[in-house]
Amino acid sequence: MATPTLFVNVWTDAKEVALGPVEQQMSAAIGATSVTVGSIARGTSLPRKRVRFLANVDCYVAWGLSPVASATSVPLVGNSPEYFDIPSGEAIAVIERV
């Protein structure tokens with residue numbers, strides 16, 4: 001069985017679809033406690049970025065200045081990508097969903 005992992009891709013502009021080259025890629029192992037994946041780069045003047053989450057297991061994600069993922073965070077279904085517009089500079093956290 002593969003290690004439970006959350007993969008995060010970030011695009012420069014928050015469009016309806018993710019277009020163009022990926023600006024940033026991150027990943028983190030998903031566990032029983034909240035783990036910070038990383039922060040969305042502030043490399044452009046745009047205040048928001050298009051972010052794709054893809055986890056290989058069910059999990060919860062949260063974002064903010066100091067996020068802690070929990071059972072009240074955004075649920076993700078394993079192997080089903082989800083897209084969100086997230087402010088530049090915010091961090092992402094993940095926890096397993098049991």
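Start by selecting R50: this residue is buried, with a relative accessible area of 9% (buried means under 20% relative accessible area, exposed over 50%, partly exposed in between, with a 1.4 Å probe and protein chains only). You are looking at a predicted model, where local features need pLDDT of at least 70, side-chain atom pairs count only at pLDDT 80 or more, and totals for chains, interfaces and linings use all residues. Residues are numbered from 1 along each chain as its sequence is written, and side-chain values use heavy atoms, leaving out hydrogens and water.

R50 sits in strand β4 and D85 in strand β7, 35 residues apart (strands are DSSP runs of E, at least two residues, numbered from the N terminus). D85 is partly exposed, at 30%.

Next, pick E23 and K49, whose side chains meet in a salt bridge at 2.4 Å, N to O. E23 lies in the loop between β1 and β2, K49 in strand β4. K49 is buried at 0%, whereas E23 is partly exposed at 29%.

Finally, select F53. Among the residues that F53 touches are L6, V8, W63 and I92 (contact means heavy atoms within 4.5 Å). F53 is also among the residues with the most contacts inside the largest nonpolar core, which has 18 residues (such a core is a set of buried Ala, Val, Leu, Ile, Met, Phe, Trp, Tyr and Cys residues joined through side-chain atoms within 4.5 Å).

Definitions and conventions. Salt bridge = Lys/Arg side-chain N within 4 Å of Asp/Glu carboxyl O. Helix = DSSP H or I, 4+ residues; strand = E, 2+ residues; numbered from the N terminus. Lists of a residue's contacts leave out its neighbours within four places in sequence.
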